[in-house]
Amino acid sequence: MKRLLLISIFLISILACAQTSTSSNNSPSTSAVTVVATVSPITSLVENIGGTKINLNGLIPEGTNSHTYELSPSTVTLLSEADLIVANGLFLEIPTLKLAAANKQPDAMILKLGNAVLPESEWVYDESFPEGGHPNPHLWTDPHFGIKYAEVIAKELSRIDPDNTDYYEGNLTVLKERLKDLDKRISSAMETIPQDNRKLLTYHDSFPTFAPRYGLETLGAIQPSDFTEPSAREVARLIEQIKQHSVPAIFGSEVFPSPILKQIAKESGAQYIDKLRDDDLPGKHGDQDHTYHGLIHYDVGIIVPALGGDPSSLNEFDTNVVFDGNSPAVYPE
Ligand SMILES: [Zn+2]
């Protein structure tokens with residue numbers, strides 16, 4: 001009888017161990033901080049800092065228009081369960097943040113990273129986001145802002161979950177090093193572009209601080225500020241502008257396919273590259289380059305050769321997540 005009891009205790013402890021190890025592999029304990037984030041580059045920044053210690057769900061599927069995306073009812077549940085809601089802000093995710101405010105737990109915090117790192121006096125206005133309306137919200141395409149966003153995320157996670165402060169701060173340190181390394185590689189690659197070719201004309205204006213930081217002149221964007229297609233007159237003006245500046249390539253975005261862009265390229269003689277991404281990470285979750293820094297690295301790898309530069313300084317950059325192990329992060333499809 002005693003022996004039987006010992007065996008059952010032994011079996012129970014094996015089961016308990018098995019359970020603990022499964023949960024630590026796939027998801028943190030049920031008491032872990034629950035975070036939702038809006039667009040994938042921001043979800044990835046949160047994932048890189050929170051790693052295996054947080055439950056994380058992305059809200060906005062990759063390859064959709066984040067400016068206008070409306071959440072499905074099932075996603076609203078995620079908002080209502082979150083301890084922390086991380087967004088870009090600067091009026092990017094207006095419908096999502098309305099739902100967040102209406103459905104969140106009373107003490108859940110909505111963190112708007114763009115608003116946290118950039119005072120209103122420094123908001124960027126341009127052709128796509130003209131003064132009098134909302135500022136250009138695409139700060140994350142610039143790794144300098146990626147670092148600032150990551151700092152805000154680490155600080156907030158440490159406030160909510162002080163027991164894991166060392167973990168979050170450790171990941172932040174590695175991520176900052178990674179992004180500083182990327183910044184140097186981008187600068188080197190940009191310097192190889194012939195001076196006259198350092199011009200950026202994109203469909204969707206996603207590089208408001210990235211372009212000036214790395215010496216590219218932004219010649220505006222093709223997509224009008226209300227996300228419609230440009231008028232025939234505007235198209236003619238753009239073709240003239242591209243010819244006049246001898247722009248070697250114009251860039252489309254996978255999220256906003258535009259037949260007009262093809263036509264503009266054909267008539268202006270510029271090469272048409274439709275592969276840039278701004279909130280759509282390369283690969284799939286679990287892939288090496290499906291990260292925030294993987295995205296920036298990918299875009300620069302497209303821009304530099306198209307403008308006649310040599311992208312080899314980007315070779316062997318580590319696009320992986322900065323923490324060890326598999327996080328339980330979920331990126332919606
Ligand atoms: Zn955008």
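Biologist: Let's start with Met109: what is its relative accessible area?
Modeller: Met109 belongs to strand β4; helices (H or I, at least four residues) and strands (E, at least two) are DSSP runs, numbered from the N terminus. On the exposure scale, buried means under 20% relative accessible area, exposed over 50%, and partly exposed in between (1.4 Å probe, protein chains only). Met109 counts as partly exposed, and its relative accessible area is 32%.

Biologist: Good to know! What kind of model are we looking at?
Modeller: Residues are numbered from 1 along each chain as its sequence is written, and side-chain values use heavy atoms, with hydrogens and water left out. Local features need pLDDT of at least 70, side-chain atom pairs count only at pLDDT 80 or more, and totals for chains, interfaces and linings use all residues, for this model is predicted.

Biologist: Back to Met109, then: which residues does it touch beyond four places away in sequence?
Modeller: Contact here means heavy atoms within 4.5 Å. Setting aside residues up to four places away, Met109 touches Asp83, Leu84, Ile85, Glu156 and Arg159.

Biologist: You mentioned Val86. Which residues have the most contacts inside the largest nonpolar core?
Modeller: A nonpolar core is a set of buried Ala, Val, Leu, Ile, Met, Phe, Trp, Tyr and Cys residues joined through side-chain atoms within 4.5 Å. Val86 touches, among others, Val35, Ile42, Leu111 and Ile153. The largest core has 74 residues, and those with the most contacts inside it are Val86 and Phe251.

Biologist: How many residues are in the second, separate core?
Modeller: In soluble globular proteins, nonpolar side chains tend to be buried together. Among the members of this second core are Ile222, Leu238, Val255 and Leu261. Its size is 17 residues.

Biologist: Let's turn to rings. How many aromatic pairs are there?
Modeller: Rings of Phe, Tyr and Trp (its six-membered ring) pair if their centres lie within 6.5 Å; planes under 30 degrees apart count as stacked, over 60 as edge-to-face and the rest as tilted. Ring pairs link Phe207, Phe210 and Tyr214 into a cluster. By this rule, the number of aromatic pairs is 4.

Biologist: Which residue has its charged end over the ring of Tyr167?
Modeller: A charge sits over a ring if NZ of Lys or CZ of Arg is within 6 Å of the ring centre and within 35 degrees of the ring normal. Elsewhere, Arg277 lies over the face of Tyr298, at 5.0 Å from the ring centre. Over Tyr167, at 5.2 Å from the ring centre, sits the charged end of Lys53.

Biologist: Finally, what share of the residues of the protein chain counts as buried?
Modeller: The chain has 11 helices and 8 strands, and its C-alpha trace spans about 95 × 45 × 35 Å along its principal axes. One buried example is Ser253, at 11% relative accessible area, which lies in strand β7 (residues 249-253). Of the 333 residues of the chain, the buried share is 51%.
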